[in-house]
Amino acid sequence: MDSAPVVPAALERDSRRKLFLILKLVVSVALLYVLLRNASVSEIFRTLGSTNLGLFLVALGFYLLRIWIGALRWSLLLRPLEVRASPRFLFRSNLIAAFFSNFLPTIIGGDPVRVYDSWRLGAGKAGAVSVVFLDRFLGLVALIVFAVLGMAASKRLVDSLGIPFLELWTVVGMLLMFLLLWIVFHPTLPVLDRFTRSRWASLGGLDQQASDSLAPFGGRSDILGKSFALSLLLQLAIIAHYVFLAASLSLPVPAAAFLVIAPLAILVMMLPISINAIGLRENVFVFFFALYGVPSSQSIAFAWLALAILLLVGVAGGILLATRREGRVTV
């Protein structure tokens, strides 16, 4: 009996990637179709046409500030690996990563680009993986901190969302927050070791090296503490970005409400079920802004302005990519 042909592992992974891309495309189209079916497209474009350009540029400035803060955090996390990197170089690298994240999200993505640039700076393959992992992990912890504190401080908004047992959710969220902080400041814990292997080692075929490279961060509370403080500052920049973006459209959403809306919306948009959060982004802001009487057409216009900023930053990153030199760098 003839045996079944063996499909190469690389070909099988490529097939799964293409299938996942198609599924995400279907989800994005379906979400947009359901939303736009009940919204006035002409009203969306009228709202976009009324955008206050000055406030929009301020919102763009805060988004660029968020990227700059991310570069500062990245430079700090490279220090335990005895790598000194200019925040200016890392800022440019973050812009290039944004190009891949926004235009090639399911093919390359931004994180492998940052791993590559960390390696170019001399961090080594395993060290580069660990630095980007910790950078992401610190950002996630800061996001959860803002979500928990925002929900605890904004009972009116949370009640409007219909979330039962607010006190219980707050306690659970705080316990999770402290657990994540403990993991961050003890980066050689087995749970972090296993997660690093399963999630990030595939980038370079690394296994033991990926987890061993966390060792330089053990006991470096100075570096991790400053990096976490920058993560909190980065989240504030994102909140300010959304506040001014809403102001550019004259939306009647209080600035304080974004302390809750921004982190929760970002957590939802992180779900890997659509392309670049298209469809998810529109629906999440329609849901939150409806609590303040904002029509769906205006909420969609807000979401499209937010996407426009992402694309503008991505285009800038593409231009930088086309003009930079490859190979090892010293900064």
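View 1. Ala246 is found in helix 11 (residues 221-248). Helices here are DSSP runs of H or I with at least four residues, strands are runs of E with at least two, and both are numbered from the N terminus. The structure is a predicted model, in which local features need pLDDT of at least 70, side-chain atom pairs count only at pLDDT 80 or more, and totals for chains, interfaces and linings use all residues. Residues are numbered from 1 along each chain as its sequence is written, and side-chain values use heavy atoms, with hydrogens and water left out. With a relative accessible area of 1%, Ala246 is buried. Buried means under 20% relative accessible area, exposed means over 50%, and partly exposed lies in between (1.4 Å probe, protein chains only). Ala246 and Ala306 are 60 residues apart along the chain, and their C-alpha atoms are separated by 9.7 Å.

**View 2. The protein chain as a whole.** The secondary structure of the protein chain comes to 14 helices and zero strands. Read from the N terminus, the elements run α-α-α-α-α-α-α-α-α-α-α-α-α-α. The protein chain has 331 residues, of which 48% count as buried.

View 3. Side chains of opposite charge can pair when their charged atoms come close. A salt bridge is counted when a side-chain nitrogen of Lys or Arg is within 4 Å of a carboxyl oxygen of Asp or Glu. The whole structure holds seven salt bridges. In one of them, Arg73 pairs with Asp135, with 2.8 Å between the closest N and O atoms. Arg73 lies in helix 3 (residues 53-78) and Asp135 in helix 6 (residues 125-153), so the pair ties together parts that are 62 residues apart in sequence. Both Arg73 and Asp135 are buried.

View 4. Arg114 forms a salt bridge with Asp111, and their closest N and O atoms are 3.5 Å apart. These two residues both lie in helix 5 (residues 110-120), three residues apart, which is about one turn of the helix. An α-helix has 3.6 residues a turn, so residues three or four places apart point the same way. Arg114 is buried at a relative accessible area of 7%, and Asp111 counts as buried at 12% relative accessibility. Asp111 also meets Arg136 in a salt bridge (3.1 Å, N to O). This second pair links distant parts of the chain, with Asp111 in helix 5 and Arg136 in helix 6, 25 residues apart. Arg136 is partly exposed, with a relative accessible area of 47%. Through salt bridges that share partners, Arg73, Asp111, Arg114, Asp135 and Arg136 are joined into one network.

**View 5. Cover around helix 5.** Helix 5 is mostly covered, as eight of its 11 residues are buried. Among the buried residues of helix 5 are Gly110, Val113, Val115 and Asp117. Ser118 and Arg120 in helix 5 are buried as well. Just after helix 5, Gly122 takes a positive phi of about 110°.

View 6. Two packed helices are described by the angle between their axes and the distance between the axes. Axes are lines fitted to C-alpha atoms, for helices over the stretch in contact, and angles run from 0 to 180 degrees between N-to-C directions. The axes of helix 3 and helix 4 (residues 87-103) come within 8 Å and cross at roughly 120°. Helix 3 and helix 4 are therefore oblique to each other. Angles under 35 degrees count as roughly parallel, over 145 as roughly antiparallel, 65 to 115 as roughly perpendicular, and the rest as oblique. The crossing of helix 3 past helix 4 is right-handed. A crossing is right-handed if the near helix is turned clockwise from the far one by less than a right angle, and left-handed if anticlockwise. For helix 4 and helix 5, the axes come within 7 Å and cross at roughly 150°. Helix 4 and helix 5 are therefore roughly antiparallel to each other, and their crossing is right-handed.

View 7. Phe103, Leu311, Val315 and Ile319 make a nonpolar surface patch of about 330 Å². Patches are made of residues with over 30% relative accessible area and no salt bridge, with like charges joined within 9 Å and nonpolar side chains (Val, Leu, Ile, Met, Phe, Trp, Tyr) within 5 Å. Accessible areas come from the Shrake-Rupley method with a 1.4 Å probe, and for residues only the protein chains shown count as cover. Helix 14 (residues 296-323) gives the most to the patch, with three residues. Leu311 lies in helix 14 and counts as partly exposed at 30% relative accessibility.
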